[in-house]
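Let's take a walk through this protein together, a few places at a time. Please have the sequence and the structure in view as you read.

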Amino acid sequence: MPPSTGRKGTEVTDWQAWQESWDRQQEWYLPDREERFRVMLDMVEALTGDKPRVLDLACGTGSITARLLRRFPGAVSTGVDLDPALLTIARGTFEGDDRVEFVTADLTDPEWPARLPYDTYDAVLTATALHWLSADELRALYGRLAGVVRPGGVVMNADHMPGEGTPRVHAAERAWTEARRERAKAAGALDWEEWWRVVSAAPELAEQARQRFEIFGSHRDGEILPASWHLDTLRAAGFEETTIAWASLTDALVLALR
């Protein structure tokens, strides 16, 4: 992913290309990724209108923010993450857009909400990010989100939340998914490790990638919890209504109304 070259020979990083490469890498794992984003934004509009103030939680490169602003030009977004490489891509992609701010924060730190530019948000959105937390860490995070989203606002988390009690179905799905991924890799798709190798070799991101692996290591194991756990935990945190807004065999989008 080389930088583009400016008119006078100066190299200008194409942050949008990095953003798109992240999306392609994620789609290798999640071919239905856009569908969960569509449902998420449908419910943002249904519950908060078309000019929402949104917290893009564990935002990565800003994939949710990009789709939010394309659909709702009057929205504003705050992206929060700890990964210096992904945040560099996000900040470069949205540079000059005064609808967007990014905050570096550790979501396991009880004081992270104090770093936000707004006291409350209409919607808190996150996707395929919180599974690296332990159950206790996620329970604490959901409790803090109850104080971040306004009354009548919504929290939505799309993540790995496998169904329960269907081992043969899940075994068949895993085998089918592995075959699909191998075909995609043969056609040139990058998986997580290969994408990070490319990032680590890029001059504009090498130092941030080094810092990223110092923070997280090569991988962090959290807990993959069923949707029922998320719904119960969100309700216990103070949300009045909780439901599953979208689901596949392996993933779900849980919605919690404050």
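Which residues in helix 1 meet helix 6, and which residues in helix 6 do they meet? On the helix 1 side they are Glu27, Trp28 and Tyr29, and on the helix 6 side Arg180, Arg181, Ala184 and Lys185. Before going further, please keep in mind that this is a predicted model. The mean pLDDT of the protein is 94, and 95% of its residues reach 70 or more. One stretch to read with care is residues 2-9, where pLDDT stays under 50. For that stretch the model has 13 contacts beyond four places in sequence.

Back to the two helices. Helix 6 covers residues 167-186, and it packs with helix 1 at an angle of about 145°, the axes being 9 Å apart. Sorted by class, the residues of this contact are three nonpolar and four charged, with no polar ones.

Helix 1 itself spans residues 15-29, and two of its glutamines are worth a visit. Glutamine 16 lies in this helix, and it counts as partly exposed because its relative accessibility is 38%, a value between the limits of 20% and 50%. In space, the C-alpha of glutamine 16 is 37 Å from that of alanine 171, and the two residues are 155 apart in sequence. Glutamine 25 also belongs to helix 1. Is glutamine 25 buried or exposed? With a relative accessible area of 1%, glutamine 25 is buried, since the limit for that word is under 20%. Beyond its neighbours up to four places away in sequence, glutamine 25 touches Leu190, Asp191, Trp192 and Trp195.

Our next stop is another pair of helices. Helix 2 runs over residues 33-48 and helix 3 over residues 63-71; their axes come within 11 Å and cross at roughly 55°. Helix 2 brings Arg33, Glu34, Phe37, Arg38, Met40, Leu41, Asp42 and Glu45 to the contact, while helix 3 brings Ser63, Ile64, Arg67, Leu68 and Arg71. Taken by class, the residues of this contact are seven charged, five nonpolar and one polar.

Now let's turn to some loops. Alanine 58 sits in the loop between strand 3 (53-57) and helix 3. Although alanine 58 is not a glycine, it has a positive phi of about 55°. It counts as buried because its relative accessibility is 14%. Threonine 128 is found in the loop between strand 6 (121-127) and helix 5 (135-148). It too is not a glycine, yet its phi is positive, at about 50°. How does threonine 128 count, buried or exposed? Its relative accessibility is 17%, so threonine 128 counts as buried.

Aspartate 83 occupies the loop between strand 4 (76-81) and helix 4 (84-93). At 3% relative accessibility, aspartate 83 counts as buried. Apart from neighbours within four places in sequence, aspartate 83 is in contact with Trp196, Arg212 and Phe216.

We finish around helix 9, which covers residues 227-236 and includes alanine 227. Alanine 227 is counted as buried because its relative accessibility is 10%. Which residues does alanine 227 contact, leaving aside neighbours within four places in sequence? They are Met161, Ile244, Ala252 and Val254. Isoleucine 244 is 17 residues from alanine 227 in sequence, and their C-alpha atoms are 7.5 Å apart in space.

In the loop between helix 9 and strand 8 (241-247) you will find phenylalanine 239. This residue counts as buried, at 2% relative accessibility. Not counting residues up to four places away in sequence, phenylalanine 239 touches Tyr142, Leu145, Ala146, Val149, Val155, Leu234, Ala256, Leu257 and Arg258. Arginine 91, by contrast, is 148 residues from phenylalanine 239 in sequence and 32 Å away in space, C-alpha to C-alpha.

Note on methods. Residues numbered from 1 in each chain as written. Predicted model: local features only at pLDDT ≥ 70, side-chain atom pairs only at ≥ 80, totals over all residues. Heavy atoms only, no water. Helix = DSSP H or I, 4+ residues; strand = E, 2+ residues; numbered from the N terminus. Buried < 20%, exposed > 50% of the residue type's maximum accessible area, 1.4 Å probe, protein only. Contact = heavy atoms within 4.5 Å. Axes fitted to C-alpha atoms, helices over the stretch in contact; angles between N-to-C directions. Nonpolar A, V, L, I, M, F, W, Y, C, P; charged D, E, K, R; others polar. pLDDT = per-residue confidence, 0-100.
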